[in-house]
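Here are my notes on the model, as numbered points. Please read them with the structure open.

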Amino acid sequence: FALMPVPRGLAVALLGLFSTGTGLIALATVARAQASEDPASFFVDGRLAEPAGYPNAAAALFLASYWPALALAGRRGLPPLLRGVLTAAATALLGTAVLCQSRGSVVAFLLVCLLQLALLPGRGRSIATLALTGGAVAATLPLLLDVYPALAEESVAAPVRSALLALLAATAATGLAGWLLARLDERVEIADARARRLDRLAVAAAAVAVLGALVWTATVVEAPLERVTAAWDGFAGNQEPSRSGSHLTSGLGSNRHDFWRVALHSFSERPLTGIGIDNFAAEYVRDRRSDEEPLHPHSLEVRVLSQTGVVGSALFVLFLGAAAWACLRARGRRPLERVALLGGVTGTTYWLVHGSVDWLWEFPGLTAPALAWIGLAGNGTFAPADPRGILASRSLVGPARATE
């Protein structure tokens, strides 16, 4: 992906097909679960685990694929029908991720959302597509959240079937809405200065909406500061998450704090070279304060630091810096290609952020695309068409706007 010759359109096609294909896999997985004689076999304690076999990895697969779909769905230059399909795929991915009930994915999603809106040109369209897909999923939340308590107790298909129907309805509705909006977008020409003002207005409206949601949450939730303190105490005390209500609101209880404690203690004993790759399991069994027997420390950064030491950590930081520099220095991107590549890099960033609190590195289906997208973004074989890097966005709102 970093060195192969890249023909025009390949980046857009690859990322669009990847997101759309993953969206179809998401819906097919839920459909298979509701049709199964044992729907709970697709879940782990009420949380959707397939097709990865682990709920947090399944959520990461869906959400890492969400960002390229979101980026391309809001861009001019693609046929309206394809933009509608990508909008539908984004809705399917976001909605199915809710069934995984991954608390880490929520935090990672919010952080990466801010990053994508900061980097992606044409923020107004991105916010509109985000609001469209997010609003559709929010409308189906009651049915999606009902699956967790139902399947945690018994293997029944009814709640899964209701969630599937809700997902299909939301996917179809947003696909149709995305297609209609794309047709309208093609017909309406807006002057560059006005387009920039509309982008700023959309960002301001989104900021007000987020602030309003935070204020509303603070007023509705009883003793919010005490809840935050209790959540941290549960995390530091390795408490099990509550089984009542939604797993997403069950606090921060897990054994990760103990995993990281043992891993960092191992690093302190061998800071230069670390304990060696995949040697964490024996170290943890020896020093653990829980009954778990994890193979990995549930954090890519903690893994690198504890198992490869200062030397490996320095090389890892050098790799991240080199990848970022290659992406920034890449040349010859057309506007639509830049947007697609930024969507891919955002997906990679999601994998890294979520992987900071989980063992996502161990899943080839997550790590291979993440590395592929940064390799493609830093590829230097694109035919020279623009002397600036992929973050250059003036052509998206300047003279080339009509071909965006």
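**Notes on helix packing**

1. Leaving aside neighbours within four places in sequence, threonine 22 is in contact (heavy atoms within 4.5 Å) with Leu61, Phe62, Ser65 and Leu93. Threonine 22 sits in helix H1. Helices here are DSSP runs (H or I, at least four residues), numbered from the N terminus. Threonine 22 counts as buried because its relative accessibility is 6%. Buried means under 20% relative accessible area, with a 1.4 Å probe and protein chains only.

2. On provenance: this is a predicted model, where local features need pLDDT of at least 70, side-chain atom pairs count only at pLDDT 80 or more, and totals for chains, interfaces and linings use all residues. Residues are numbered from 1 along each chain as its sequence is written, and side-chain values use heavy atoms, with hydrogens and water left out.

3. How do H1 and H13 cross? The axes of H1 (residues 10–35) and H13 (residues 335–354) come within 8 Å and cross at roughly 40 degrees. Axes are lines fitted to C-alpha atoms over the stretch in contact, and angles run from 0 to 180 degrees between N-to-C directions. H1 and H13 are therefore oblique to each other. Oblique is what remains after roughly parallel (under 35 degrees), roughly antiparallel (over 145) and roughly perpendicular (65 to 115). The crossing of H1 and H13 is left-handed, that is, the near helix is turned anticlockwise from the far one by less than a right angle.

4. On the H1 side, Ala11, Val12 and Leu15 meet Leu336, Glu337, Ala340, Leu341 and Gly344 of H13. By class, this contact of H1 with H13 has 6 nonpolar, 1 polar and 1 charged residues. Ala, Val, Leu, Ile, Met, Phe, Trp, Tyr, Cys and Pro count as nonpolar, Asp, Glu, Lys and Arg as charged, and the others, Gly among them, as polar.

5. H2 and H13 pack at about 160 degrees, with axes 7 Å apart. H2 and H13 are therefore roughly antiparallel. Their crossing is right-handed, with the near helix turned clockwise. Residues making the contact include Trp67 and Pro68 of H2, and Tyr350 and His354 of H13. The contact of H2 with H13 has 12 nonpolar, 6 polar and no charged residues.

6. H14 is mostly covered, with 10 of its 14 residues buried. Among them are Leu366, Trp373 and Ile374. The buried residues of H14 pack against H1, H2 (55–73), H12 (300–329) and H13.

Methods:
Helix = DSSP H or I, 4+ residues; strand = E, 2+ residues; numbered from the N terminus. Buried < 20%, exposed > 50% of the residue type's maximum accessible area, 1.4 Å probe, protein only.
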